[in-house]
Amino acid sequence: MDTSYPREDYLPAPSHKRESPTPLRVSPPPRDHLVWSIFNTLYMNFCCLGFVALAFSVKARDRKVAGDVEAARRFSSKARCYNALATAGSVVLPLLLAALVITGVIHLSKLAQDSVGFFTYQLSPSDDEDK
């Protein structure tokens, strides 16, 4: 009798349960912020930060297409930072300038109102000096 090979009746029965594969956490591809960079470059190019952000956005897109996700993430992060700085600078600085102009106008109007009495007193001759 040949016993070197296991027979079919001694083989374990195949299980019909599906083993759940280990879930792979696939992170979404990094965003390149290209539209935001183009907007900052064309409309609000404060200190050329929009152009710098556009350069990093294009680099991020190129790295993403090439398959280098880590480099794409770095360039995307830099593009987001430069876009945020360009947007903040383009929004905050005009508001700050407008606030300074408004406070200057208010201060000058109060100064002019206070000095009207001084100049009218000095320039108009009084009746007491003629006598």
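Helices (H or I, at least four residues) and strands (E, at least two) are DSSP runs, numbered from the N terminus. The model is a predicted one, so local features need pLDDT of at least 70 and side-chain atom pairs count only at pLDDT 80 or more, while totals for chains, interfaces and linings use all residues. Residues are numbered from 1 along each chain as its sequence is written, and side-chain values use heavy atoms, with hydrogens and water left out.

On confidence, the chain averages a pLDDT (the predictor's confidence in each residue, from 0 to 100) of 82, and 71% of the residues score at least 70.

Tyrosine 43 sits in the loop between α1 (34-42) and α2.

Proline 30, found in the segment before α1, counts as buried because its relative accessibility is 9%. Leaving aside residues up to four places away in sequence, proline 30 touches (heavy atoms within 4.5 Å) Lys64, Val69, Ala72, Arg73 and Ser76. Its C-alpha atom is also 8.8 Å from that of serine 77, 47 residues apart along the chain.

As for the record, an unreviewed UniProt entry annotates residues 34-56 and 82-106 as "transmembrane region"; such annotations may be inferred rather than shown by experiment. Residues 82-106 are 100% helix and 0% strand, with end C-alpha atoms 36 Å apart. Residues 34-56 are 74% helix and 0% strand, and there the end C-alpha atoms are 9 Å apart.

Note on methods: Buried means under 20% relative accessible area, exposed over 50%, partly exposed in between (1.4 Å probe, protein chains only).
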